[in-house]
Amino acid sequence: MSESGSGLVLDDTKGTSSFGGRRVKSHDLCKRCGNRAFHKQHKQCASCGYPKAKIRSYGWSIKAKRRKTTGTGRMRYLKEVPARFKGGFRENGVAVRAKKPKAKATGKDKEA
């Protein structure tokens with residue numbers, strides 16, 4: 001607040017009351033990450049970098065990398081890979097039956 005020469009108090013607000021008029025949204029939902037970080041004018045997501053091919057991540061924010069890395073989501077494809085690896089990545093076939101090793105004949109069996 002500032003005072004004029006006549007003793008009146010003028011309202012030079014730049015705080016709380018100024019924030020009431022903020023109705024324009026600069027960011028919208030992103031198609032790729034779903035966050036409200038897609039800048040309407042820049043046409044680029046502030047969170048994932050869409051429409052660029054590479055996902056946005058920086059070394060100076062290790063925590064952000066940890067939040068977004070592989071294993072933090074559903075992993076619809078990757079969680080099945082270890083099981084497929086065990087079977088040798090076989091497809092469209094029936095699993096080969098494991099054959100039991102034949103018992104070796106002992107010396108007593110040969111005599112009888």
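**Group meeting: surface, sheet and backbone of a predicted model**

I will start with one residue. R67 is exposed, at a relative accessible area of 58%. Before going further, note that what you see above is a predicted model. R67 sits in helix α1, which covers residues 62-68. On the surface, R67 belongs to a patch of positive charge, together with R56, K63, R66 and K68.

Now the overall layout. The protein has five strands and three helices. Read from the N terminus, the order is β-β-β-β-β-α-α-α. The chain has 112 residues, and 8% of the residues are buried.

Next, the sheet. Three of the strands form an open sheet in the order β3-β4-β5, and the pairing is antiparallel. The edges are β3, residues 27-28, and β5, residues 44-45; each of these pairs on one side only. Strand β4 is residues 38-39, and two bridges link β4 to β5 in the antiparallel sense. If you want a residue pair to look at, take H39, whose bridge partner in β5 is Q44.

The loop between β4 and β5 contains K43. K43 is not a glycine, yet its phi is positive, about 60 degrees. Is K43 buried or exposed? Its relative accessibility is 53%, and exposed means over 50%, so K43 counts as exposed.

A second case of this kind is N92. Its phi is positive too, near 50 degrees, and N92 is again a residue other than glycine. N92 lies in the loop between α2 and α3, where α3 is residues 107-111. With a relative accessibility of 85%, N92 counts as exposed.

The other backbone item is a peptide bond. Y50 and P51 are joined by a cis peptide bond, with omega about 15 degrees. P51 is in the loop between β5 and α1. As for why I list these items at all: most residues other than glycine have a negative phi, and most peptide bonds are trans.

Which residues make the nonpolar surface patch? They are M75, Y77 and L78, and the patch has an area of about 300 Å². M75 is in the loop between α1 and α2, with α2 at residues 81-86. M75 has a relative accessible area of 31% and is partly exposed.

To recap the surface: R56, K63, R66, R67 and K68 make the positive patch, and M75, Y77 and L78 make the nonpolar one. For the backbone, the items to check in the model are K43, N92 and the bond between Y50 and P51. That is what I have.

Notes. Residues are numbered from 1 along each chain as its sequence is written. This is a predicted model: local features need pLDDT of at least 70, side-chain atom pairs count only at pLDDT 80 or more; totals for chains, interfaces and linings use all residues. Side-chain values use heavy atoms; hydrogens and water are left out. Two strands pair if DSSP finds at least two bridges between them. Helices (H or I, at least four residues) and strands (E, at least two) are DSSP runs, numbered from the N terminus. Patches are made of residues with over 30% relative accessible area and no salt bridge: like charges are joined within 9 Å, nonpolar side chains (Val, Leu, Ile, Met, Phe, Trp, Tyr) within 5 Å. Accessible areas come from the Shrake-Rupley method with a 1.4 Å probe; for residues, only the protein chains shown count as cover. A salt bridge is a side-chain nitrogen of Lys or Arg within 4 Å of a carboxyl oxygen of Asp or Glu. Lys and Arg count as positive and Asp and Glu as negative; His and the chain ends are not counted. The place of a charge is taken as NZ of Lys, CZ of Arg, CG of Asp or CD of Glu. Buried means under 20% relative accessible area, exposed over 50%, partly exposed in between (1.4 Å probe, protein chains only).
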